[in-house]
Amino acid sequence: MNASPLPDPENLDVVIVGGGLSGGLLALRFKALRPELKVLLIEASDRLGGDHTWSFHDSDISPRALEWIAPFISSHWAGQTVRFPAYAREIATGYNSVASAHFDAVLREALGDGVLMGSPVEALTQNQVTLVDGRTLPARAVIDARGQRDYAHLALGFQKFAGLEIEFAEPHGLTRPIIMDATVPQLDGYRFVYTLPFAQQTALVEDTYYADGDALDEDAVETRIKEYCEEQGWKVARILRREAGILPIAMAGDIDAHLDEGVPGVASIGLAAGLFHPLTGYSLPDAVAMADRLAGADDVTGPALAALARTHAKETWEARGFYRLLSRLLFDAADPAKRYIVMQRFYQFSEGLIERFYAGQSSAGDKMRILAGKPPVPVTKAMKCLGEKQWLARRGMR
């Protein structure tokens, strides 16, 4: 891999290390809101965004945010489907996907020479980035967007998946995504298949597991995907692309200790800052919110942006205690083979409640409805999940 030519390093205002979702959106937002700033986005590989597909509901972000992120949306559907052993349901909420290849193309065109590709970073401080090849880049502010790091201070479950983008021999007949098909055999925790129909004869089919461990046998999962397609009557013509991932699901933790693991004076954003929905693992809405907040700041020096990013991450974490409770109930109270019952019950609620849940904006009434009634987990186990600090202490983490 050949590194990109080094741009003029003089008078850089902001250097963003990591050209994934959070770093790329922040670079674009700085360009839109603060065009007078000299911003550089550094990526270790030869492609921005890696090899991922990010999805979100229309209601996950504000109309204003939806407007500025629209160029990145590669697919949009007017609704979605869920399937459980007890029922299937059509939901009218709009759904969107951002394919990384499209993300890369849009971002490169928008940023022009404000991107440095093929340039792994050796070290960074609040005002300088040192590349592996020895080159240095001084800046007024440095932002760390390099993705997941050690989660020693957070108690996690895992959402792990492998997916195939497939071209079928004939039209698959889907007009909207199946975001959860839990009618499949339940293996390794809560299992469901997720299908995004990109065109009449192409779709991304992912086999997903809410599991206690992060081991992922991609070959075995690929075999299950092909078996699932056969059961649906879809004949695979060829595999266009593969992707896999292991996403953190937050049950509890010490957010201050986690953020302290970052580089002093350097803003941490994205998954490294704990910015993902604690139960669903969705990260795009948080990446959008952080991009708006940092790019809209009056003070763009390193210490000021680091303080603002930390404040935002802490506020977001503290506001989501309810969702971490639900994660504890799912992972620690529910029998792994019966975790699907928790989600089967949840999707019987109103579309408004479901939308607010995914957006992290559940009302007090929503929370009461979710927790009320006959619980789908043993009461004695559920009671042990209620206090986050006490639950952590029982696990020897606090």
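Let's start with a pair in helix H3 (residues 100–111): Asp104 and Arg108 sit four residues apart there, so about one helical turn separates them. The two form a salt bridge, with their closest N and O atoms 3.1 Å apart. Keep in mind that this is a predicted model.

**Salt bridges**
- Asp104 counts as buried at 12% relative accessibility, while Arg108 is partly exposed at 35%.
- The count of salt bridges comes to 26.
- Another one pairs Asp292 with Arg64, the closest N and O atoms being 3.6 Å apart.
- Asp292 is in helix H6 and Arg64 in helix H2, so this pair ties together parts 228 residues apart in sequence.
- Asp292 counts as buried, with 15% relative accessibility.
- Arg310 bridges to Asp260, and here the closest N and O atoms are 2.9 Å apart.
- That pair links distant parts of the chain, with Arg310 in helix H7 and Asp260 in helix H5 (residues 255–260), 50 residues apart.

**The second largest pocket**
- This pocket holds about 450 Å³ of space.
- It is lined by 25 residues, and the closest to its centre are Asp286, Ala289, Arg320, Ala359 and Gln361.
- H6 gives the largest share of the lining, five residues.
- By type, the lining splits into eleven nonpolar, eight polar and six charged residues.

**Helix H1**
- Helix H1 (residues 21–33) has 13 residues and reaches 18 Å from its first C-alpha to its last.
- Ten of the 13 residues are buried, so H1 is largely enclosed by the rest of the structure.
- Among the buried ones are Leu21, Arg29 and Phe30.

Key. Residues are numbered from 1 along each chain as its sequence is written. This is a predicted model: local features need pLDDT of at least 70, side-chain atom pairs count only at pLDDT 80 or more; totals for chains, interfaces and linings use all residues. Side-chain values use heavy atoms; hydrogens and water are left out. On a 1 Å grid over the protein atoms alone, a cavity is a set of points where a 1.4 Å probe fits but cannot get out, and a pocket is an open set with protein on both sides within 12 Å along at least five of seven lines; lining residues have an atom within 4 Å of a point. Grid points are joined across faces, edges and corners, and a volume is the space filled by probe spheres set on the points. Helices (H or I, at least four residues) and strands (E, at least two) are DSSP runs, numbered from the N terminus. Ala, Val, Leu, Ile, Met, Phe, Trp, Tyr, Cys and Pro count as nonpolar, Asp, Glu, Lys and Arg as charged, and the others, Gly among them, as polar. The expected span of a helix is 1.5 Å times one less than its number of residues. Buried means under 20% relative accessible area, exposed over 50%, partly exposed in between (1.4 Å probe, protein chains only). A salt bridge is a side-chain nitrogen of Lys or Arg within 4 Å of a carboxyl oxygen of Asp or Glu.
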